[in-house]
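Welcome, and thanks for taking a look.

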Amino acid sequence: MDAVMQAELKRLFETKLNRAMRLYLETCTHCGVCVEACHVWQSMPESKYTAVGRAEIVRKVFLKYFSLEGRIAPWAGETIELDDVAVERFYDAAYSCTGCRRCMVYCPFGIDTQQIMSIAKLLLVGADKEPKLLSMLADMSIAKGEDVESSSAGFAEAIANLEPQVEALYPTPAGRKTIPLGVQKADVMFVGLSGAHSIVPAAAILNAAGINWTLSSFEAVNFGAFMGDPKRTKAIAQRIVAEAERLQAKRVAIVECGTAYRVMKYQTGEHSFETVAFVELIAKYLKGGMIRLRRNVDKRLTYHDPCQVARNGGIYEAPRFVISKLAQDFVELTPNREYNWCCGGGGGLIAMGELEFRMKSSRVKMEQVKATGAGAICTICENCHTQLTDLNAHYDMGLDVHSLTMLAAHALVKPGEKA
Amino acid sequence: MADYEIKKTLDYKGLACPMPIVKTSMEMPKIAVGDVVEILSTDPGSIADFPAWARTTGQAVLEVKQEPGLIRIYVKRQK
């Protein structure tokens, strides 16, 4: 690494050093409480897979260049030179962490290892060493935002082709469009993932509730957040913010995608619209009597709290309320809510592939689910759903893996039907 | 009638975003520069994803065709 690159990486490092980050970097007493909190360490007990082990790599670079002690007497403590070897270690640390923040719940000082890893990820971007798949996907998302018009007619046709699937779940009330696009002043702008599996069930539920809604032109997922690049994260989120503001939407409902929800809700500032997770709307419509569901899940059902929606987003009860209307036999995972084990698929690992690592590092998740005796599991995050599906196949768990929105859409009581 | 020869068809029906793009980008090194591949997708997002991906990676989308339940995208490897 030449001096120019090292100076640039130091500059990037310094951009992350706000008061909270300095606290995280200066406070750790190496008590070790975080060690057992990490699902990766629980499944693969090596010190490099502990929260403190990952953070130490960044912390030692911090000590060398940004602490008084390091600047006066760099030989006195354990410090690391910011060089190519350090960058390689950043990669191993940052991309073996799913950013679930379970360690933060247990840390007596509340040290946020995901935030510390955001330094490592940013420096990887600066050194052009980030996972290229993630930057390719992030750049694609940004390019879509820059030229949405050129594909709008084709997108409208593709969406119209989905409408029969929506009608099969719930007949659209007369005078309404089955999947509306570009509606001004809608009560809800739904931001899906691009697949039919995310758009169709949400459309059926919104139509059943009689909501004035519109579908966003963009997918919710934010690959910039996975790669820890604040500029790309903002550019991707801004596509949706600009669309919602242009359409004067009252509420932006984010599909089952934990990262997308957390970015839009907590990391993009104040907006003219309210941001909600779609499950919150399902619960609201149920409580208001706007939709009714059949209790049609026969197998013992359990629920996985996605880290970015639950522990990092505060949504615990809405999904449980919806499940209470669907399941005949519900069993909680142990532990659950903010203490739930990460599925092991976050932080960009699903998009990157990494199947072998994801399966090995999530053995504890597999054991947690198996202990419930459930025959089915549902969740409200696409990443978690994919990871649970892969775990189910890899460990031959014999589960049905469901999206909660999909379960609810298939349980909608149609006009004239009895619940 | 399109004036290009399809060298390979990549069947990504049933896959959701970003997998059609991920898998196509992984196939690109196996395709000769100048050759055209046909991608089959059922993901509505592919309509906008592929042109945006091509613009940022230097490839070319020659054509996008739709029929109910199927999207055909024709990509030429440029580099």
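In chain B, 62% of the contacts between residues at least 6 apart in sequence join residues at least 24 apart. Please keep in mind that this is a predicted model.

**Chain B**

- Chain B holds two helices and four strands, and from the N terminus on these elements follow the order β-α-β-α-β-β.
- The C-alpha trace of chain B spans about 30 × 30 × 20 Å along its principal axes.
- A compact globule of 79 residues would have a radius of gyration near 12 Å, and the 11 Å of chain B agrees with that.
- Buried residues account for 34% of the 79 residues of chain B.

**Where the two chains meet**

**Chain A as a whole**

- Chain A contains 22 helices and eight strands.
- Taken along the principal axes, the box filled by the C-alpha atoms of chain A is roughly 80 × 50 × 30 Å.
- For 419 residues, a compact globule would have a radius of gyration near 22 Å, and chain A agrees with its 22 Å.
- Of the 419 residues in chain A, 53% are buried.
- Among the contacts in chain A with a separation of 6 or more, 77% are between residues 24 or more positions apart.

**Domains of chain A**

- The domain assignment divides chain A into domain 1 (3-130), domain 2 (133-287) and domain 3 (301-410).
- Between domain 2 of chain A and domain 3 of chain A, the C-alpha centres are 23 Å apart.
- These two domains touch through 27 residues of domain 2 of chain A and 27 residues of domain 3 of chain A.
- Which elements give two or more residues to the side of domain 2 of chain A that touches domain 3 of chain A? They are helix H9 (132-146), helix H12 (196-208), helix H13 (223-226), helix H15 (258-266) and helix H16 (278-287) of chain A.
- H16(A) makes the largest contribution to that side of domain 2 of chain A, with six residues.
- The residues on the side of domain 2 of chain A that touches domain 3 of chain A comprise 20 nonpolar, three polar and four charged.

**Paired strands in chain A**

- Strand E5 (residues 301-304) of chain A has A:Leu301 and A:Tyr303 pointing one way and A:Thr302 and A:His304 pointing the other, and all are buried.
- E5(A) pairs with strand E6 (residues 330-332) of chain A in the parallel sense over three bridges, and A:Val331 in E6(A) is the bridge partner of A:Thr302.
- E5(A) also pairs with strand E7 (residues 376-379) of chain A, in the parallel sense over four bridges; here A:Thr302 stands opposite A:Ile377.
- E7(A) in turn pairs with strand E8 (residues 400-403) of chain A, in the parallel sense over four bridges, where A:His402 in E8(A) is the bridge partner of A:Cys378.

**Two helices of chain A**

- Helix H8 (residues 113-126) of chain A has 14 residues, which should span 20 Å at 1.5 Å a residue, and its end C-alpha atoms are 20 Å apart, in agreement.
- Is H8(A) largely enclosed by the rest of the structure or left open? H8(A) is largely enclosed, because 13 of its 14 residues are buried.
- After H8(A) comes A:Asp128, which has a positive phi, near 60 degrees.
- Helix H21 (residues 382-394) of chain A has 13 residues and reaches 18 Å from its first C-alpha to its last, close to the expected 18 Å.
- Buried residues in H21(A) include A:Glu382, A:Asn383, A:Cys384 and A:His385, along with A:Gln387, A:Leu388 and A:Leu391.
- After H21(A) comes A:Asp396, with a positive phi near 50 degrees.

Technical notes: Residues are numbered from 1 along each chain as its sequence is written. Chains are lettered from A and ligands numbered from 1 in the order in which they are written. This is a predicted model: local features need pLDDT of at least 70, side-chain atom pairs count only at pLDDT 80 or more; totals for chains, interfaces and linings use all residues. The radius of gyration is taken over C-alpha atoms; the globule rule is 2.2 Å times the number of residues to the power 0.38. A residue is buried if 20 or more other C-beta atoms lie within 10 Å of its own, exposed if 12 or fewer, and partly exposed in between; C-beta atoms are placed from the backbone. Two residues are in contact if their C-beta atoms, placed from the backbone, lie within 7 Å. The expected span of a helix is 1.5 Å times one less than its number of residues. Domain bounds come from an automatic or database domain assignment. Ala, Val, Leu, Ile, Met, Phe, Trp, Tyr, Cys and Pro count as nonpolar, Asp, Glu, Lys and Arg as charged, and the others, Gly among them, as polar. Two strands pair if DSSP finds at least two bridges between them.
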